[in-house]
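Colleague: I would like to go through this model and ask what each label rests on. Please set each value against its cut-off.

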Amino acid sequence: MTTDQADTIARLQTPPGRGGIAVVALTGADREQILAKDFRPLASHADALPDAIQLGKLVDGGGEVLDEVIVARSDQGAIEINIHGG
């Protein structure tokens, strides 16, 4: 499958089912804007360097916290969101 670099895609990187964590990778041109809508880094991680791992909260459209997450950016431009699995 070929996708345009402009396409922004979220892919589950871990197998479906029960597990301690789930990893979702965001790729594409709008990945940072999509992340910014739903990710709130902790104050201690808000000014992280571009390649730093950040701890924060994933929120819904109303600002309600859905989960605590870890966000990491790869050298290839992907954003990995590590959330609780299951």
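Modeller: Take the hairpin of β5 and β6, which has five residues between its strands. G77, in the turn, has a positive phi of about 95°. Please keep in mind that this is a predicted model.

Colleague: Why is Q76 called exposed?

Modeller: The cut-off for exposed is over 50% relative accessible area. Q76 has 72% relative accessibility and therefore counts as exposed. Q76 is placed in the loop between β5 and β6. Its C-alpha is 29 Å from that of V65, although the two residues are eleven apart in sequence.

Colleague: Which other strands form a hairpin?

Modeller: β4 and β5 do, with five residues between them. G63 in that turn has a positive phi of about 90°. Six bridges join β4 to β5, and the two run antiparallel. Among the bridge partners, K57 goes with E68 of β5, and G56 goes with V69 of β5.

Colleague: Where does P41 come in?

Modeller: P41 stands opposite G56 in β4.

Colleague: How many bridges hold β1 to β2?

Modeller: Four, in the antiparallel sense. I9 stands opposite T27 of β2.

Colleague: What does T14 touch, and where is T14 found?

Modeller: T14 is in the loop between β1 (9–12) and β2 (21–27). Beyond its neighbours within four places in sequence, T14 is in contact with I21, A22 and V23.

Colleague: What makes the approach of T14 to V23 a polar contact?

Modeller: The limit for a pair of N or O atoms is 3.5 Å. A polar atom of the T14 side chain lies 3.2 Å from the backbone nitrogen of V23, so the distance is within the limit.

Colleague: Why is I34 called partly exposed?

Modeller: Buried is under 20% and exposed is over 50%, with partly exposed in between. I34 has 33% relative accessibility, so it counts as partly exposed. I34 has its place in helix α1. Setting aside residues up to four places away in sequence, I34 touches T8 and L26. From I34 to V59 the separation is 25 residues in sequence and 12 Å in space, C-alpha to C-alpha.

Colleague: How many helices and strands are there, and what pattern do they follow?

Modeller: The protein chain has one helix and six strands. Along the sequence they follow the pattern β-β-α-β-β-β-β.

Colleague: How do you know that the radius of gyration agrees with a compact globule?

Modeller: For 86 residues the rule gives a radius of gyration near 12 Å, and the protein chain has 13 Å, which agrees. The C-alpha trace spans about 35 × 35 × 25 Å along its principal axes.

Colleague: What share of the residues is buried?

Modeller: 22% of the 86 residues are buried. The accessible surface of the protein chain comes to about 5900 Å², with 54% of it belonging to carbon and sulfur atoms.

Colleague: What share of the contacts joins residues at least 24 apart?

Modeller: 29%, among contacts between residues at least 6 apart in sequence.

Definitions and conventions: Residues numbered from 1 in each chain as written. Predicted model: local features only at pLDDT ≥ 70, side-chain atom pairs only at ≥ 80, totals over all residues. Heavy atoms only, no water. Polar contact = N/O pair within 3.5 Å; in protein donor to acceptor, adjacent residues only side chain to side chain. Contact = heavy atoms within 4.5 Å. Pairing = 2+ DSSP bridges. Rg over C-alpha atoms; globule rule 2.2 N^0.38 Å. Buried < 20%, exposed > 50% of the residue type's maximum accessible area, 1.4 Å probe, protein only. Areas by Shrake-Rupley, 256 points an atom, 1.4 Å probe, with all protein chains shown as cover.
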